[in-house]
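Here are my notes for you to read alongside the model. Keep the viewer open and go point by point.

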Amino acid sequence: MTMRTRPLGTTGPQVSALGLGCMGMSALYGEADRAESIATLHAALETGVTLLDTGDFYGMGHNEMLIGEALRTAPATRREQALVSVKFGALRDPDGGWSGYDGRPAAVKNFAAYSLQRLGVDHIDVYRIARLDPDVPIEETVGAIAELVEKGYVRHIGLSEVGAETIRRAAATAPISDLQIEYSLISRGIEDEILPTTRELGIGVTAYGVLSRGLISGHFTADRQLGAGDFRAMSPRFQGENLRHNLNLVEALRKIAEQKGVSVAQTAIAWVLSRGEDIVPLIGARRRDRLTEALGALDVTLDTADLTAIEEAVPAGAAAGDRYPAAQMAHLES
């Protein structure tokens, strides 16, 4: 496996062709092993992964501190190559509840100060609000990040889960390097308006959920028991008939994967990689074995016949259920 690089938009850095999404090491997918998480982060850096993605609200700061520890204990050459992307703005309470989003300029700078401390770094490579604050114009939020760029605390400005109009308004305010948004075989909503807009404006895409939270990894089964605090226990796509329908799609994909001698997960990741050099998939591996499997997607070549077969097995719009519960879907733009 040879790690390739891709541009993070026309204003961003070159990053590894796959990035590591670190949320599952701290929150929302059940218990994680701290030592294994650190080992996985180190292994990712050793294989040439440069982009590490987190949010200051993942485990209420736990994820940033975990990444900070991994960076401190990594070899200097690997530590220096790491690029950290941080989402901010989600408000939490001590019970773990969600209280909306805060994109006020003063809050942006406050969130950044705490993230820099927890990560143990002097700058954040890509900084973005996790969801649009409906009470604060995006121009004000992006303008505050631009001030952090001027002072050297942030290198590049990103966006997350916003629609085409907001992308245009943000890009008119300051250079935007990247949009982070869900994109996978069963989450293709960005293809109609959002992806054409980012391409017109030279904005890269970091695609999260490329395995749809494990649903299309080939490892999830209908009888799996989800632990307390696991997001999937309330995700519409993992419920009842929706789950059975979606796992049937996975079995159709498995037939194609087996014919190529690769795993279902590798096929799904390779499909996202095939969608364009401006898209960087984030893999959510929490263990080294899952990391190794995901990185194997870099060696998978999908020809025209393969892509046709994949899209016949899992057509656009084929998934049953929304990607978030209704209350969270209300915070997303399309």
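1. Let's settle one word before anything else: a residue is called buried when its relative accessible area is under 20%, exposed when it is over 50%, and partly exposed in between. Of the 334 residues in the protein chain, 57% count as buried. Do keep in mind that this is a predicted model.

2. Now the overall build. The protein chain has twelve helices and twelve strands. Its radius of gyration is 19 Å, close to the 20 Å that the globule rule gives for 334 residues, so the chain is as compact as a globular protein of that length.

3. How far apart in sequence are the residues that touch? Take the contacts between residues at least 6 apart in sequence: 76% of them join residues at least 24 apart.

4. The accessible surface of the protein chain is about 14000 Å², and carbon and sulfur atoms account for 50% of that. As for charged side chains, the protein chain carries 33 positive and 44 negative ones, with the centres of the two sets 3 Å apart.

5. Next, the aromatic rings. A pair of them is described by the distance of the centres and the angle of the planes. For rings to pair here, their centres must lie within 6.5 Å, and the count comes to six aromatic pairs.

6. Start with Phe57 and Trp98. Their ring centres are 5.8 Å apart and their planes sit at 75°, so this pair is edge-to-face. Phe57 is in the loop between β4 (51–55) and α2 (62–73), while Trp98 is in strand β7 (residues 98–101), so the pair ties together parts that are 41 residues apart in sequence.

7. Are these two residues buried or partly exposed? Phe57 is buried, with a relative accessible area of 8%, whereas Trp98 is partly exposed at 43%. Ring pairs also bring in Tyr58, linking Phe57, Tyr58 and Trp98 into a cluster.

8. Then look at Phe88 and Tyr127, an aromatic pair that is stacked, with 4.4 Å from centre to centre and 25° between the planes. Phe88 belongs to strand β5 (residues 83–88) and Tyr127 to strand β8 (residues 124–129), so this pair ties together parts that are 39 residues apart in sequence. Both Phe88 and Tyr127 are buried.

Conventions:
Residues are numbered from 1 along each chain as its sequence is written. This is a predicted model: local features need pLDDT of at least 70, side-chain atom pairs count only at pLDDT 80 or more; totals for chains, interfaces and linings use all residues. Side-chain values use heavy atoms; hydrogens and water are left out. Helices (H or I, at least four residues) and strands (E, at least two) are DSSP runs, numbered from the N terminus. The radius of gyration is taken over C-alpha atoms; the globule rule is 2.2 Å times the number of residues to the power 0.38. Buried means under 20% relative accessible area, exposed over 50%, partly exposed in between (1.4 Å probe, protein chains only). Contact means heavy atoms within 4.5 Å. Accessible areas come from the Shrake-Rupley method with a 1.4 Å probe; for residues, only the protein chains shown count as cover. Lys and Arg count as positive and Asp and Glu as negative; His and the chain ends are not counted. The place of a charge is taken as NZ of Lys, CZ of Arg, CG of Asp or CD of Glu. Rings of Phe, Tyr and Trp (its six-membered ring) pair if their centres lie within 6.5 Å; planes under 30 degrees apart count as stacked, over 60 as edge-to-face and the rest as tilted.
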